[in-house]
Amino acid sequence: MRIILLGAPGAGKGTQCKNIVAGYRLQHLSSGDILRRNRSAGTDLGKKAQSYMDAGDLVPDRIIIDMMSEAIREAPLAGFVLDGFPRTVNQARELDESLAGDGAIDAVVNLKIDDSIVQARMTGRRSCPKCGAVYHIENLKPKTKGVCDHDGAELVQRPDDTPEVVANRLETYHRQTEPLVDYYKKNGTVFDIEADRDPDEVKACIFEKLQTLVKL
Ligand code: AP5
């Protein structure tokens with residue numbers, strides 16, 4: 001199964017991808033996580049991406065397309081979930097071309113959320129620098145405050161989760177990424193999911209939709 005998770009920053013893409021990959025044994029391919037790993041490792045790619053990410057702007061298409069094409073090539077045959085890619089119509093077209101003849105995208109899961117909810121989610125997010133687990137100081141607390149449940153690492157706040165940068169990320173999303181919803185509605189299956197609900201309810205709704213693909 002090949003799935004794309006679409007949605008604004010903070011819609012819950014990363015949170016729900018973890019559920020989907022566990023439930024369907026797929027590979028999680030997150031463009032944001034790959035970029036952050038490159039930044040931590042000090043690679044050329046990480047250095048090129050840094051200023052765009054810190055400002056809440058998109059990293060140039062060519063850099064992202066090359067990076068994600070390589071990740072997809074290395075993904076196991078069982079399938080993958082794309083999180084944060086594609087993010088522009090140009091990226092989507094290149095993805096379609098690269099997958100042509102090799103099985104297309106089965107469905108797009110579109111997490112719908114109001115901008116007003118996003119700020120609180122982002123500024124309250126904490127993540128594990130070791131395993132990438134995502135928490136929230138109110139909505140999804142770790143068992144011990146500030147510590148990852150899985151590996152005991154100290155949780156950190158992302159540098160692009162400040163109110164000013166989040167505002168720019170939202171504006172960037174509406175201008176450059178939201179048009180992808182129509183792009184995929186014209187070209188394939190889109191499951192619209194209301195994401196302003198309890199994470200378990202969102203998960204149940206996504207799984208109900210994905211089951212329809214398994215039965216096909
Ligand atoms: P990226 O890392 O992809 O960030 P994003 O898309 O802005 O999404 P987030 O990771 O911030 O949010 P999410 O939807 O995954 O939400 P989460 O599950 O964490 O990209 C970062 C940057 O990299 C970009 O700005 C850009 O510069 C660059 N980049 C990446 N891909 C690119 C591309 N393709 N092209 C160009 N540039 C690219 O949840 C958020 C919080 O809410 C958490 O605390 C969580 O616990 C909580 N939460 C989740 N679900 C719920 C719920 N249902 N109820 C209450 N709280 C919830």
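1. Helix 2 (residues 31-41) packs against helix 3 (residues 44-55) at about 120°, with the axes 8 Å apart. The axes here are lines fitted to C-alpha atoms over the stretch in contact, and angles run from 0 to 180 degrees between N-to-C directions. Helices are DSSP runs of H or I with at least four residues, numbered from the N terminus.

2. Bear in mind that this is a predicted model: local features need pLDDT of at least 70, side-chain atom pairs count only at pLDDT 80 or more, and totals for chains, interfaces and linings use all residues. Residues are numbered from 1 along each chain as its sequence is written, and side-chain values use heavy atoms, with hydrogens and water left out.

3. Who touches whom (contact being heavy atoms within 4.5 Å)? On the helix 2 side we have Gly-32, Leu-35, Arg-36, Asn-38 and Arg-39, meeting Leu-45, Gly-46, Ala-49, Gln-50, Met-53 and Asp-54 of helix 3.

4. Now the rings: the whole structure has 2 aromatic pairs (Phe, Tyr or Trp rings, the six-membered one for Trp, with centres within 6.5 Å; planes under 30 degrees apart are stacked, over 60 edge-to-face, the rest tilted). Tyr-24 and Phe-207 sit 5.3 Å apart by ring centres with planes at 50°, so this pair is tilted. Tyr-24 belongs to helix 1 (residues 13-24) and Phe-207 to helix 9 (residues 199-215), so the pair links parts of the chain 183 residues apart.

5. The other pair, Tyr-183 with Tyr-184, is edge-to-face, at 5.0 Å between centres and 90° between planes. Both tyrosines are buried (under 20% relative accessible area, 1.4 Å probe, protein chains only).

Note on methods:
Helices (H or I, at least four residues) and strands (E, at least two) are DSSP runs, numbered from the N terminus. Contact means heavy atoms within 4.5 Å. Buried means under 20% relative accessible area, exposed over 50%, partly exposed in between (1.4 Å probe, protein chains only).
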